[in-house]
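Please keep the sequence and the structure in view while reading.

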Amino acid sequence: MKLNHNPTTLTVQDLLTLFQLSERNLYKLTNRPKHYYRTFSIPKRTGGYRTIEAPTPLLKKIQQQILENFLEPHPVSRFAKAYKKGSTLKEMARFHVGQHMVVRIDLTDFFGSLKEVSVFRFFCQQGYSEAVTVILTKLTTYKGRLPQGAPTSPTLSNILMLKVDEKVGKYCTENKIRYTRYADDLVFSGDFSIKRLLAKLHSVLAPQRLRINNKKTRLMRRYSTQMVTGLVVNDKLSVSRDYRRKLRQELYYCEKYGVERHLGATRRSISSTKYINQLIGRINYVQHYHPPTK
C-alpha cells in the first residue's frame with residue numbers, strides 16, 4: 001500500500017490504517033519485540049558465524065511498508081553502493097580497476113553499531129510527531145540497534161551513514177582517492193598515504209561509534225592480486241584464478257565419479273539438483289567475465 005503523506009500531519013491512526021493493525025496489536029509489536037523476531041546463526045564465508053534476527057511474517061510485512069513509504073524516497077550518498085536499485089557489485093569493482101593500490105577496510109558489528117537513538121533522530125528530523133517517530137523507531141530496531149535480518153535495516157544503514165560517506169568522500173575527492181562503500185566494506189584506491197587515510201577515518205567514525213576491524217583490513221598493491229567484492233581489479237575485471245581452479249576441479253570430479261558419489265565423498269548435505277543448479281550459476285558467473293573463445 002502506497003501512502004502519500006505529509007510528515008508533519010501524519011498521525012498514529014494513519015499508521016494503524018497503513019499497517020492494518022489494531023491499537024492492541026501495535027502496542028504488542030512495539031513493546032514486546034522479542035516475540036516478533038527469530039534469532040539464529042549462519043556461517044560466514046570468512047569464518048565464524050553471523051547472527052540473524054529475522055522478523056516474523058507480520059512484522060516483516062510492516063517493515064516492508066515502512067521501507068516503501070518512509071525510507072526508499074530518502075536520498076543516500078553516491079559513495080554507497082549496497083542496497084540501491086541499479087547498483088551492483090560489478091559497478092563497484094569496476095571503479096577500482098587499474099589502480100596503484102587498493103585498500104579494503106571492514107567495520108566491526110556494522111548493523112549493531114547503528115543505534116536506536118540515531119534512527120529516532122532521523123525520523124524526528126523528517127518532521128514526524130514524537131508519537132509517530134517512536135512507533136517507526138520501535139518497529140525498525142531491536143535491542144537498541146538495527147537488526148540484521150529486517151528488510152528496513154539495509155536502507156536505514158545507508159541513510160544513517162550519509163554524513164559519514166560524505167565526509168569520507170570529500171576527503172577522498174580532495175586527495176584523488178577513489179572511495180566506495182558496500183555495507184560495512186569500505187574500499188579505497190589510488191596512490192595515497194594510508195596513515196593519513198586511517199587517521200581521517202578514525203576521526204569521522206569515532207563520533208558515530210563505528211570501529212575499524214583491523215584484522216580484516218587489506219592492503220593490495222599492483223604487484224599482488226587486488227580483490228574488490230570478489231573480483232580481481234588489477235588490469236580488468238576478472239574472477240580469481242583460485243575460484244576458477246576450484247570450479248574446474250569440481251566439474252572434473254563430477255564428470256569422473258558422478259554427482260552423487262562426488263557429493264558423498266565431500267559429505268555435503270545438499271541435493272544433487274540444488275548442487276547442479278549452483279554449479280550452473282558459478283559457470284555462468286565465470287563465463288560472464290571470461291567468455292569462452294571460439
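**From the core to the loops**

Leaving aside residues up to four places away in sequence, Phe-19 touches Ile-62, Gln-65, Ile-66, Leu-136 and Leu-139. The model in which these contacts are found is a predicted one. Phe-19 also belongs to the largest nonpolar core, which has 54 residues. Together with Phe-70, Leu-136, Leu-139, Phe-188 and Leu-201, Phe-19 is among the residues that touch the most other members of this core. Which helix gives the most residues to this core? Helix α3, residues 57–71, does so, with six residues. Another core, of 17 residues, lies apart from the largest one; among its members are Met-92, Ala-93, Val-102 and Cys-254.

The strands may be considered next. As a general principle, the strands of a sheet pair through backbone hydrogen bonds, and the pairing is either parallel or antiparallel. Strand β3 comprises residues 101–106, and five of its six residues are buried, so this strand is largely enclosed by the rest of the structure. Strand β3 is joined by six bridges to strand β5, residues 185–190, and the two run antiparallel. Strand β3 is also joined to strand β6, residues 218–221, by four bridges, again in the antiparallel sense. The bridge partner of Met-101 in β5 is Gly-190, while in β6 Met-101 stands opposite Arg-221.

A further sheet is open and consists of three strands in the order β7-β8-β9, with antiparallel pairing. Why is one side of β7 and of β9 left without a neighbour in the sheet? Strands β7 (227–228) and β9 (238–239) stand at the edges and have a single partner strand each, so one side of each remains without a neighbour. Strand β7 pairs with strand β8, residues 231–232, over two bridges in the antiparallel sense. In this pairing, Val-228 is found opposite Leu-231 of β8.

Helices, too, can be described by how they meet. Two packed helices are described by the angle between their axes and by the distance between those axes. Helix α11 (residues 241–257) packs against helix α12 (residues 259–266) at an angle of about 120 degrees, and their axes are 7 Å apart. The two helices are therefore oblique to each other. Helix α11 contributes Glu-250, Tyr-253, Cys-254 and Tyr-257 to the contact, and helix α12 contributes Val-259, Arg-261 and His-262. Sorted by class, the residues of this contact are four nonpolar, one polar and two charged.

The loops complete the account. Most residues other than glycine have a negative phi. Asp-109, by contrast, has a positive phi, near 45 degrees, and lies in the loop between β3 and α5 (110–113). Lys-176 likewise has a positive phi, near 55 degrees. Lys-176 is placed in the loop between α9 (162–174) and β4 (178–182). Is Lys-176 buried or exposed? Lys-176 is exposed, with a relative accessible area of 75%.

Gln-208 lies in the loop between α10 (194–205) and β6. Its relative accessibility is 38%, and Gln-208 therefore counts as partly exposed. Apart from neighbours within four places in sequence, Gln-208 is in contact with Ser-113 and Val-164. Gln-208 and Ser-118 are 90 residues apart along the chain, and their C-alpha atoms are separated by 9.3 Å.

Key: Residues are numbered from 1 along each chain as its sequence is written. This is a predicted model: local features need pLDDT of at least 70, side-chain atom pairs count only at pLDDT 80 or more; totals for chains, interfaces and linings use all residues. Side-chain values use heavy atoms; hydrogens and water are left out. Two strands pair if DSSP finds at least two bridges between them. Axes are lines fitted to C-alpha atoms, for helices over the stretch in contact, and angles run from 0 to 180 degrees between N-to-C directions. Angles under 35 degrees count as roughly parallel, over 145 as roughly antiparallel, 65 to 115 as roughly perpendicular and the rest as oblique. Contact means heavy atoms within 4.5 Å. Ala, Val, Leu, Ile, Met, Phe, Trp, Tyr, Cys and Pro count as nonpolar, Asp, Glu, Lys and Arg as charged, and the others, Gly among them, as polar. A nonpolar core is a set of buried Ala, Val, Leu, Ile, Met, Phe, Trp, Tyr and Cys residues joined through side-chain atoms within 4.5 Å. Buried means under 20% relative accessible area, exposed over 50%, partly exposed in between (1.4 Å probe, protein chains only).
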